[in-house]
Amino acid sequence: MQFIRQTEFLLYGLSHFTKSAFLSRKKLFQPIPSNLESLHCVITGANSGIGYATAEALAKASCNLYLVCRNKERGEAAVEKLKATCGNQRIFLYQCDMSSMKQVKQLAEKLILEKRPVNVLIHNAGCMVHQYQLTEEGFETNFATNLLSVYYLTELLLPVLNENGPSKVIVVSSGGMLTEPLVIEDLQMKQETFDGMKQYARNKRQQVALVEYWSTKYVDLDVSFFSMHPGWVDTPVVQEAMPQFYKTMKSRLRTPEQGADTIVWLATSPCLGKENSGNFFLDRTSVHKHLPLACTHYSKETVEKLYLSLKEMVASI
Ligand SMILES: NC(=O)c1ccc[n+]([C@@H]2O[C@H](COP(=O)([O-])OP(=O)(O)OC[C@H]3O[C@@H](n4cnc5c(N)ncnc54)[C@H](O)[C@@H]3O)[C@@H](O)[C@H]2O)c1
């Protein structure tokens, strides 16, 4: 089955995730407006790659930005560069290691205390760590960064998002999730040989399922939920974590700006709301979450179990 999934994924990716696929679809895209002062956007992992390109496009669109970065110096450099190049002074830095739930909680508390009227939450920070590595709190690192923090920060900021609605939660997932079914047991891969790439793809599938779940659970809140795939993009994470893929695909990879395009569109388009909540996007289009032969479908009950496991894990933080 894994062979079928990988082959199907590769063929689909070569025709949909490359730079040329983006350029052919871009012809239909409308420009992003430049007067979006009413948007208050939190972006995690905002000092490099797709996160930085997202911040740059939103800064040019006059949005208020709260950049969440792990490293203070790199975060400050990103803020200064954005202010200088975009002529937007409403850009603020929040230092947070997203693999630490304690820090994620402090981040949410700070945003609430400072009364930041957040109405867009972009979960962009992500990692693919190949070694089995635990955080200080005892969580496997990929799981903590890619999934648990996404769950936790969203839940903590929901009251703020609702109060300042219509709001959007955007999760930067990955097409790699198409190669994995929804795993809800052994979330930290303790019971099998650790495989960082597999864990990353599982986390990305779990993100997509969680977004779907939130869209039905919080249907009465003034918040919509979206997941997306940026395409195959030339960024540090691809260079470092997937060197062979990077070497083979380098000339076909998208620029970070091209990868950020759908995130920026999701954040800024007034046409997106409850009717599209829970959907998975690629190149400004809602696309399917499963490959035809991959047998990756799951039930709502399964996602609910995942949700409850995550809830239990952060209960004592
Ligand atoms: N590049 C691609 O081809 C591709 C494809 C699919 C999905 N994605 C996703 O896009 C997102 C952005 O990745 P990118 O390609 O721009 O790579 P990147 O390495 O440039 O960006 C990842 C960002 O996340 C931050 N980050 C990682 N761990 C963190 C932590 N514990 N706390 C705070 N920040 C942390 C990094 O510092 C970095 O700024 C990721 O979620 C990634 O999974 C990328």
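Residues are numbered from 1 along each chain as its sequence is written. Because the model is predicted, local features need pLDDT of at least 70 and side-chain atom pairs count only at pLDDT 80 or more, while totals for chains, interfaces and linings use all residues.

**View 1. The whole chain.** The protein chain has 11 helices and eight strands. Helices (H or I, at least four residues) and strands (E, at least two) are DSSP runs, numbered from the N terminus. The C-alpha atoms fill a box of roughly 50 × 50 × 40 Å along the principal axes. Of the 317 residues, 46% are buried. A residue is buried if 20 or more other C-beta atoms lie within 10 Å of its own, exposed if 12 or fewer, and partly exposed in between; C-beta atoms are placed from the backbone.

**View 2. The largest nonpolar core.** A nonpolar core is a set of buried Ala, Val, Leu, Ile, Met, Phe, Trp, Tyr and Cys residues joined through C-beta atoms within 7 Å. The largest one holds 88 residues. Cys 41, Leu 148 and Ala 267 are among those that touch the most other members. Helix α6 (residues 141–163) gives the largest share, 11 residues.

**View 3. Val 42 in strand β1.** Val 42 lies in strand β1 (residues 40–44). Val 42 is buried, because 28 other C-beta atoms lie within 10 Å. Leaving out residues up to four places away in sequence, Val 42 touches Tyr 66, Val 68, Val 118, Leu 121 and Ile 122. Contact means C-beta atoms, placed from the backbone, within 7 Å. Val 120 is 78 residues away along the chain, yet the C-alpha atoms of Val 42 and Val 120 are separated by 6.3 Å.

**View 4. Strand β5, covered on both faces.** All six residues of strand β5 (residues 167–172) are buried, so the strand is largely enclosed by the rest of the structure. In a regular strand the side chains alternate between the two faces of the sheet. Ser 167, Val 169 and Val 171 sit on one side of β5, with Lys 168, Ile 170 and Val 172 on the other. Strand β4 (residues 120–123) pairs with β5 in the parallel sense over four bridges. Pairing needs at least two DSSP bridges. Val 120 stands opposite Lys 168.

Terms used. Contact = placed C-beta atoms within 7 Å.
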